[in-house]
Amino acid sequence: MRVPDSANYSAISANLASLTARHAKAAAEVSSGYRVTSPSTDPRAAAEIAKLRHAVSRAEGFRSNIGAARGDAELAEGVLSEASALFERAQELAVQGANGTLSASERASMAIEISGLRDQLVSMANTRGPNGFLFSGSATDTVPFANTGAFAGNSDPHNVELGTNHVVNVAIDGAKAFTAAGGVNPFDVLDALATALSTNDQAAVIATLDNIRNAHSQIVRSRADAGLLLDRLSISESALDQGDVALKTRKAVLGEADASEAMSELVSVQNAIEQSLAVAKRNLSLRRFEP
Amino acid sequence: MGLFSILYTSRDALQAHSRGLQTTGQNIANVNTPGYARRAVILEPRPYGPGAYGGVDAVEVRRITDRFLEQRYFDKSGLSSSANERDQQLAQIDGLFDETLGARMGGAMDQFFTSFSTLAARPNDPTTRAQALASADVFAAQVRDTANTVATLRTDLATQASSVVKVVNDLATNIAKINQQIEAAENAGSDAVDLKDQRNTLLQQLSEKVNINVITAESGRITVQAAGATLIDGDVARALGIDVDSNGALKLMAQRSGGPAMDATSGLSGGTLDGIFQVRDSDLTTIATRLDNFAYDIATAVNTQHAAGFGLDGINGRNLFSVSPTVAGAARSLSIDAQLVGHPERLAASSSAAALPGGADNALSISKISAQAVSGGGTRTPAEDFAALLGQVGQLKAGAASTAATQEALKAQAKDLRETVSGVSLDEEMISLTQYQRAYEASTKVLQTVDQLLDELIQRLGR
C-alpha cells in the first residue's frame with residue numbers, strides 16, 4: 001500500500017490534536033477541582049448534581065428557618081421563665097396574706113406589689129420579637145394583651161418547614177399561657193388576689209391560692225412547650241447537618257475531580273505529547289534527497 | 001532501418017523521460033498542495049518494424065484519482081462538517097446550563113423556593129418579603145434569558161444558513177465555470193489536469209457545506225447533486241435558497257430548470273448546512289419546548305397557589321408571575337406580575353385574611369410546590385424537571401461531540417484512503433526521479449554511440 005507523505009503528517013497532527021484535547025481536559029480538572037465542568041461532561045451526573053444542589057439549597061433554607069424559630073422560642077422561654085418566677089413571688093405573697101396575724105396595712109402593701117407584678121405580666125405577655133409580638137399568634141402586629149388582660153391575638157399555628165416534608169408549628173400559644181384557654185386567666189387570678197389583699201379579706205386571699213398555683217403551672221407548661229420546641233429544633237438541625245454531609249459528599253463524589261487521578265492523567269498525557277513530538281521530529285527529519 | 005532512425009528513437013526517449021522528470025518535479029513541488037492529485041506520465045512504445053522506427057511516446061500526463069474514493073471523501077467530509085457544526089453550536093447551549101461556577105436557572109429556582117420557605121418563617125418581615133420577591137424576579141429573569149438566548153441562537157442560525165447557501169451558490173457558479181474551461185481545454189487537446197485539481201478543491205469545499213453527489217459522464221462532463229437536487233449540470237449552475245415553513249422551520253429550496261423551486265430539505269444529510277438545520281430545528285426546538293414547559297408548569301402552579309392567598313393589604317387573587325396563556329413562548333414571557341412589581345407586601349403569604357399579618361401557610365404551600373409533581377405532566381417535581389432538562393442538554397451535546405469525533409475519524413480515514421491513490425509520496429518520487437534520470441542518461445548514451453558510429457562511418461567513407 002502506498003503511504004503518501006500527507007498521511008504521515010495527518011497522523012502526527014491527529015494524534016497531537018487528540019492528546020492536546022486530553023491534556024486540556026486533565027488540566028481543567030486539576031485547576032478547577034471539578035470533574036463535571038459542564039452538563040455534557042457527564043449528563044447523568046450533572047442531572048444528579050442539579051438535584052443534590054437543590055436539596056442543599058433547600059437545607060440551607062430550612063437551617064435559616066430553624067434559626068428564626070429558635071430566636072423566637074428562646075425569647076418566649078425566657079419570658080415564660082420570668083413569668084413563672086413572677087407567679088412564685090405572687091404565691092409567696094398569697095401565702096403570707098393568708099396568715100391571720102397580718103394587719104390590713106400589711107395586706108394593702110402586698111396588694112400594691114401584686115398590682116405591680118400584674119403590670120409586669122402584661123408587659124411580659126406583650127413582648128415583641130424580631131417577627132412581631134411573641135404571643136399574639138398570627139396577629140403579629142397587634143398588641144395581644146390589653147391592660148385589662150383582654151386577649152386580642154389568636155391561636156393560629158405558625159407552620160414552618162424544618163426539612164423536606166417536615167413542617168412544625170413553631171408558635172408559642174399566648175392564649176394557652178395567658179388566658180383562660182390554658183385553664184385559668186393569670187391576670188384575673190392576680191386581680192382577685194390584689195382585691196382580696198386590698199380589702200383585707202383573709203378568706204378571699206386563701207381562696208385565690210389554688211388559682212395562683214394553677215396559673216403558675218399553666219405558665220410552666222407553656223415554658224415547657226417552648227423548651228420542647230427548642231429541643232425539636234435542635235434535633236431537626238442535627239438531622240439537617242447529617243443530611244447535609246451526605247448530600248455534599250455525594251455531590252463531591254459525582255462532580256469533583258479525584259486530585260491524584262487527575263494529576264496522574266495530566267502527567268501521563270504530557271509524557272505522551274513529548275513522545276509524540278519526538279516521533280514527529282524524527283519522522284520529519286528523514287532525508288531522502290541528499291544535496 | 002538505419003542509424004538515423006535510432007537518433008529519432010533517442011530523441012523521443014529523451015523527450016519522454018524529460019517529461020517524466022518534469023512531472024516528478026511537479027509532484028515533489030506540490031507535495032503539500034491541498035487538492036493536488038499526483039501526476040503520472042503514461043509512456044507507450046511506438047510501433048517498431050518496417051517503416052516505423054519504434055521508440056517511446058509520453059502520451060499523457062494523467063491525474064491519478066479514484067472516483068469512488070473521491071465521492072467517499074466528499075460524503076465523509078459532509079457528515080463530519082455537519083457533526084462538527086452541531087457540536088460547536090450545542091457547546092453554547094451546554095455552557096448556558098453550566099452551573100459549575102455560579103447559580104443560573106437551576107440555582108435561581110432553588111433560591112426562589114427557599115425564599116418562600118423563609119418567608120413562611122418570617123411572613124411579616126419586610127426584608128424577607130423583599131428577598132422573596134427579588135428571588136422570584138431573578139428566577140423569572142434567568143428563565144427568560146435562557147429562553148431568549150436559545151431563540152437568538154435560532155435566529156442567528158437562520159442567518160448563518162443563508163450565508164452558507166450563498167457560499168454554496170458561489171462555489172457552484174465557480175465549478176460550472178471551471179467545467180466550461182475544462183471542456184474548452186480538452187477540445188483544444190490539453191489534458192486540463194490543473195483545472196481538474198482546482199475543480200476538485202472546490203468540490204471538497206462544497207462537500208463541507210452540503211452533501212453532494214458527483215456524477216461523471218463518459219465524456220468527462222460532471223453533474224453535481226446537492227441535497228439530492230441538481231446543483232451543477234456541466235457549465236450550468238443552479239441556486240439553492242433558504243425559506244421558512246409555517247412552523248418556523250427552515251426549508252432548503254432548490255431552483256429547478258423551468259419550474260418553481262423544490263423543497264430539498266429532506267435530501268439534506270451532510271455539510272454545515274445540515275448541522276445548522278439539525279441544531280436549529282431539532283435540538284434547539286426540543287430545548288425551547290422543554291424550557292417552555294418547565295416555565296409554564298412552575299408559573300401555573302405557583303400562580304394558582306399565590307392567588308389563593310392574601311397579601312398584607314388583605315387582597316387575594318393575584319398572580320405572582322406573568323406568563324403566556326399557552327405553553328408556547330412561556331419561558332420567554334415569564335416575569336413578575338405587574339401588580340407585584342415593587343410591592344413585596346402584596347406577596348400572598350397568608351392563607352386567610354383573618355390570619356394577617358403573621359399568617360404564613362400560603363407561603364409554605366408555595367415553598368412546598370418544589371417537592372410536588374407539578375412538572376412533566378404531573379410526573380416530576382420542578383427540581384427533577386430541571387435536572388432532566390439539564391441531563392437532556394448534556395446528552396445532546398455529549399452525543400454531538402461523540403458523533404463529531406467519530407465522523408472526524410471516518411473523514412480522516414477516507415482522506416487517507418484517497419491519499420493512498422492520489423497523494424504524493426516523496427519516496428516514490430525519489431525512485432521515479434532516479435528512474436527517469438537513468439533512462440535519460442542511457443538515451444543520451446545511445447545518442448552518443450550512434451553519433452560515434454556515424455562519425456566513424458563518415459570518416460571512413462571520406463578517406
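Axes here are lines fitted to C-alpha atoms, for helices over the stretch in contact, and angles between N-to-C directions run from 0 to 180 degrees. The model shown is predicted.

**Figure 1. Helices α6 and α9 of chain B cross at roughly 170°.** Helix α6(B) covers residues 271-308, and helix α9(B) covers residues 382-422. Their axes come within 11 Å. Angles over 145 degrees count as roughly antiparallel, so α6(B) is roughly antiparallel to α9(B). From α6(B), the contact uses B:Asp283, B:Ile287, B:Arg290, B:Phe294 and B:Ile298. From α9(B) come B:Pro382, B:Asp385, B:Phe386, B:Leu389, B:Gln392, B:Val393 and B:Leu396. What kinds of residue make up the contact of α6(B) with α9(B)? Eight are nonpolar, one is polar and three are charged.

**Figure 2. Strands β9, β10 and β11 of chain B form an open sheet.** The order is β9-β10-β11, and the pairing is antiparallel. Which strands lie at the edges? They are β9(B), residues 240-244, and β11(B), residues 259-263. Each edge strand pairs on one side only. Neighbouring strands of this sheet are turned against each other by 35° on average, direction ignored.

**Figure 3. Strands β10 and β11 of chain B make a hairpin.** Strand β10(B) spans residues 250-256. It pairs with β11(B) in the antiparallel sense, over three bridges. Two of the partners can be picked out by name. B:Met253 has B:Asp263 as its bridge partner in β11(B). B:Arg256 has B:Gly259 as its bridge partner in β11(B). Two residues sit between the strands of the hairpin. In this hairpin, B:Gly258 takes a positive phi near 70°.

**Figure 4. Chain B has 10 helices and 13 strands.** Why is chain B described as more spread out than a compact globule? Its radius of gyration is 37 Å, well over the 23 Å that the globule rule gives for 463 residues, so chain B is more spread out than such a globule. Along its principal axes, the C-alpha trace spans about 145 × 50 × 30 Å. Of the 463 residues of chain B, 45% count as buried. Among contacts with a separation of 6 or more, 69% join residues 24 or more positions apart.

Methods. Residues are numbered from 1 along each chain as its sequence is written. Chains are lettered from A and ligands numbered from 1 in the order in which they are written. This is a predicted model: local features need pLDDT of at least 70, side-chain atom pairs count only at pLDDT 80 or more; totals for chains, interfaces and linings use all residues. Helices (H or I, at least four residues) and strands (E, at least two) are DSSP runs, numbered from the N terminus. The radius of gyration is taken over C-alpha atoms; the globule rule is 2.2 Å times the number of residues to the power 0.38. A residue is buried if 20 or more other C-beta atoms lie within 10 Å of its own, exposed if 12 or fewer, and partly exposed in between; C-beta atoms are placed from the backbone. Two residues are in contact if their C-beta atoms, placed from the backbone, lie within 7 Å. Two strands pair if DSSP finds at least two bridges between them. Angles under 35 degrees count as roughly parallel, over 145 as roughly antiparallel, 65 to 115 as roughly perpendicular and the rest as oblique. Ala, Val, Leu, Ile, Met, Phe, Trp, Tyr, Cys and Pro count as nonpolar, Asp, Glu, Lys and Arg as charged, and the others, Gly among them, as polar.
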